[in-house]
Structure formats: structure tokens, C-alpha cells
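This report describes one protein structure, from a pair of aromatic rings to the chain as a whole. Please keep the structure in view while reading.

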Amino acid sequence: MSCPFCRIIAGQAPAEILYRDEQVTAFRDARPVAPVHVLIVPNEHIETNNDVTAEHESLLGHLNRVAARLAQELNVQRSGYRLVINTGPDAGQSVFHLHMHLIGGRHLPFRFD
């Protein structure tokens, strides 16, 4: 298994797991850009957002619900947080397993570099 997120989901690679159910796994990012930086990944390997089909609609909604739950648990629901899905190398996707970043815990300026 070469996908690092699939290895984390399977328990074959270390990660600080914050949430897990039959559909998704959430864990702290190894290279955080803010005090709160969590990756929420579907347990099913889906390479990019471009590979999402109609069958995945409820899964994407579940990703968002888990993000909201974690934001509350990590005390960023009121101050604010950002949800990001990068798609493709030009957008910064470096691991080709669909994942949502939950980022917060400090002011996040809006900018594109």
C-alpha cells in the first residue's frame, strides 16, 4: 500500500487520530500551518475531488459534518476556521487521496500566493 493516508487508515503508519468511523478518519497534519490543522479523509481511496461521483455525495456531506464536530471539540467553531480541499498539483495537493484540511486557531489572512 503506497498511499500514506491509506496506510494511516489501516493503522500501518503513525498519526494522531482525532476521529474515526466507518466512512472517514481525521488526524492531525504532520506539517501544521496553524495551531489547529486536521486532515479529514474518506476511508475509501478517492484520488482527487475530480474523482467524486454521485455515489459519494453523502460521504462529502459527512466530511463537512465531521469537520464541524471537530471544530467544536478543538474550540475554533466561534473564532472561525477554514476548510480546504486542494485538487491537483497546481492547487497544492501533494497526497493523492482526497482530503479536507480543517485549519484554525489563529487569524488566517485571505491570500493567494
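## Phe5 and the aromatic pair

In this predicted model, Phe5 has a relative accessibility of 6%, and because residues under 20% count as buried, Phe5 is classed as buried. Phe27 is also buried, with a relative accessibility of 3%.

Phe5 and Phe27 form an aromatic pair. A search of the whole structure finds one such pair. A pair of aromatic rings is described by the distance of the centres and the angle of the planes. Phe5 belongs to helix H1 (residues 4-9) and Phe27 to strand E2 (residues 24-28), so the pair ties together parts that are 22 residues apart in sequence.

## The order of helices and strands

How many helices and strands does the protein chain have? There are two helices and five strands. Along the sequence, they follow the pattern α-β-β-β-α-β-β.

Helix H2 covers residues 57-73, and Leu70 is one of its residues. Is Leu70 buried or exposed? Its relative accessibility is 1%, so Leu70 counts as buried. When residues up to four places away in sequence are left out, Leu70 touches Leu18, Tyr19, Ala26, Val38, Ile40 and Leu102.

Leaving out residues up to four places away in sequence, Leu60 touches Val52 and Leu98. Leu60 and Asn49 are eleven residues apart along the chain, and their C-alpha atoms are separated by 9.8 Å.

## Asn75 in a loop

Where does Asn75 lie? It is found in the loop between H2 and strand E4 (81-84). With a relative accessibility of 64%, Asn75 counts as exposed.

The backbone at this residue also deserves attention. Most residues other than glycine have a negative phi. Asn75 is not a glycine, yet its phi is positive, at about 60°.

## The chain as a whole

For a chain of 113 residues, a compact globule would have a radius of gyration near 13 Å; the protein chain has 14 Å, which agrees. Along the principal axes, the C-alpha atoms fill a box of roughly 35 × 30 × 30 Å. Of the 113 residues, 40% are buried. Among contacts between residues at least 6 apart in sequence, 53% join residues at least 24 apart.

The accessible surface of the protein chain is about 6,800 Å², and carbon and sulfur atoms account for 49% of it. The protein chain has 10 positive side chains and 12 negative ones. The centres of these two sets lie 12 Å apart.

Terms used: Residues numbered from 1 in each chain as written. Predicted model: local features only at pLDDT ≥ 70, side-chain atom pairs only at ≥ 80, totals over all residues. Heavy atoms only, no water. Phe/Tyr/Trp six-rings, centres within 6.5 Å; stacked < 30°, edge-to-face > 60°. Helix = DSSP H or I, 4+ residues; strand = E, 2+ residues; numbered from the N terminus. Buried < 20%, exposed > 50% of the residue type's maximum accessible area, 1.4 Å probe, protein only. Rg over C-alpha atoms; globule rule 2.2 N^0.38 Å. Contact = heavy atoms within 4.5 Å. Areas by Shrake-Rupley, 256 points an atom, 1.4 Å probe, with all protein chains shown as cover. Lys, Arg positive; Asp, Glu negative; His and termini not counted. Charge placed at Lys NZ, Arg CZ, Asp CG, Glu CD.
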